[in-house]
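Subject: Handing over the structure

Hi,

Here is the structure I promised to pass on.

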Amino acid sequence: MLKAIQILGSSSGFIISQGLTKKTRKSAGVSFISSSANPLNFSAFPSVICASNSPVPPFLSARRIRCLGQNQMSSTRSEPDPVSNSSASASVQSAGDVRKIKYCQWCGGQTKHEIPDGEEKLRAICTHCSKIAYQNPKMVVGCLIEHEQKVLLCKRNIQPSFGLWTLPAGYLEIGESALDGAVRETWEEAGAEVEVVSPFAQLDIPLIGQTYVIFLAKLKSPHFAPGPESSECRLFALDEIPFDSLSFSSIFVTLNLYLEDVKNGGIKFHYGTINKRAGSSPSDIRAFTLDYHLQS
């Protein structure tokens, strides 16, 4: 159980926008708008307690919630709010593209695309056996590995993001726990045996139907080597992390949160929703907002 829930007032490499109005939000949260500034530039933004009429969900009502005051908001570039922006909302709702499902996965019959009774979303329904093909998010699991004040990164040897750096991570397999999958992916991509210390972050990406679960881990021995999906594995000092050559927004966020924790003297558990900017390229890892960031 979370011992404390707090919304960040500042974070490394991010400029913070309040991004909340009573009309557009039903729960409290702040948006982290990424910038091309040095990710290690921990700006000390002053914060204020949100006004009593700010929308706060019941489970946060007893918590102290900090958000950036209106007079301190700034940004190096404008990015739309993924909730209040209509085109972004449409993109999120259509994630999965159900119309691409042409045939039933059970009997091979053709599908029709309708909203079933009692539901709200368009589904692919088999015209032969009447089964509905539900689309569910995929879970990506991996490890943020600490060793002698450095972190282990892998250079991708496959698409997408070929040649860019990432944490060892991949899709969870049926029949394994998130922890087991993270350890397996670390071995497959980095040839490293690790001891998991604690969960570090859960990051949801609704637009692409993925949830990232990242564990904090330590090397059991200082031996590692790239697997088939990696061309190189390397330990980076914290001030050498290649933020301009990272593979995905989820990795960018995870490493920034980790650096912020190190700066503040304690590692926390983080939850957040990464909302990609509508119309942005998948390769633009800074085109996002980090909403509903909770930490314990």
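**Confidence**

Keep in mind that this is a predicted model. The protein chain has an average pLDDT of 76, and 68% of the residues reach at least 70. Where pLDDT is low, the predicted coordinates should not be read in detail.

**Salt bridges**

How many salt bridges does the count come to? The answer is 10 salt bridges, and a few deserve a look.

- Arginine 123 pairs with glutamate 119, with 2.8 Å between the closest N and O atoms. Arginine 123 is buried, because its relative accessible area of 18% is under the 20% cut-off. Glutamate 119, at 25% relative accessibility, is partly exposed.
- Lysine 155 pairs with glutamate 232, and here the closest N and O atoms are 3.8 Å apart. This pair ties together distant parts of the chain: lysine 155 belongs to strand S9 (residues 150-156) and glutamate 232 to strand S14 (residues 230-237), 77 residues apart. Both ends count as partly exposed, lysine 155 at 22% relative accessibility and glutamate 232 at 31%.
- Glutamate 176 and arginine 184 meet through their side chains at 2.6 Å, N to O. Through shared partners, salt bridges join Glu176, Arg184, Glu185 and Glu188 into one network.

**Serine 231, also in strand S14**

Serine 231 lies in strand S14 and is partly exposed, with 39% relative accessibility. Leaving aside neighbours within four places in sequence, serine 231 is in contact with Lys155, Arg156, Asn157 and Pro226. The C-alpha atoms of serine 231 and leucine 164 are separated by 9.8 Å, and the two residues are 67 apart along the chain.

**Helix H3 and what comes after it**

Helix H3 covers residues 249-264. At 1.5 Å a residue, its 16 residues should span 22 Å, and the end C-alpha atoms are 23 Å apart, which agrees. Is H3 largely enclosed or open? Of its 16 residues, 13 are buried, so H3 is largely enclosed by the rest of the structure. Just after H3 comes glycine 265, which takes a positive phi of about 85°.

**Histidine 270**

Histidine 270 is buried, with a relative accessible area of 1%. Which side chain does the side chain of histidine 270 make a polar contact with? That partner is aspartate 261, at 2.8 Å. Beyond neighbours within four places in sequence, the contacts of histidine 270 are Phe200, Ala201, Gln202, Leu257, Asp261, His293, Leu294 and Gln295.

**Cysteines**

The disulfide count comes to zero. For cysteine 104, the nearest cysteine sulfur is that of cysteine 129, 3.7 Å away; the pair is not a disulfide because the cut-off is 2.5 Å. Cysteine 104 is buried, with a relative accessible area of 9%. Cysteine 143 is buried too, at 0%.

Over to you now, and happy browsing!

How values were computed
Residues numbered from 1 in each chain as written. Predicted model: local features only at pLDDT ≥ 70, side-chain atom pairs only at ≥ 80, totals over all residues. Heavy atoms only, no water. Salt bridge = Lys/Arg side-chain N within 4 Å of Asp/Glu carboxyl O. Buried < 20%, exposed > 50% of the residue type's maximum accessible area, 1.4 Å probe, protein only. Helix = DSSP H or I, 4+ residues; strand = E, 2+ residues; numbered from the N terminus. Expected span 1.5 Å × (residues − 1). pLDDT = per-residue confidence, 0-100. Polar contact = N/O pair within 3.5 Å; in protein donor to acceptor, adjacent residues only side chain to side chain. Contact = heavy atoms within 4.5 Å.
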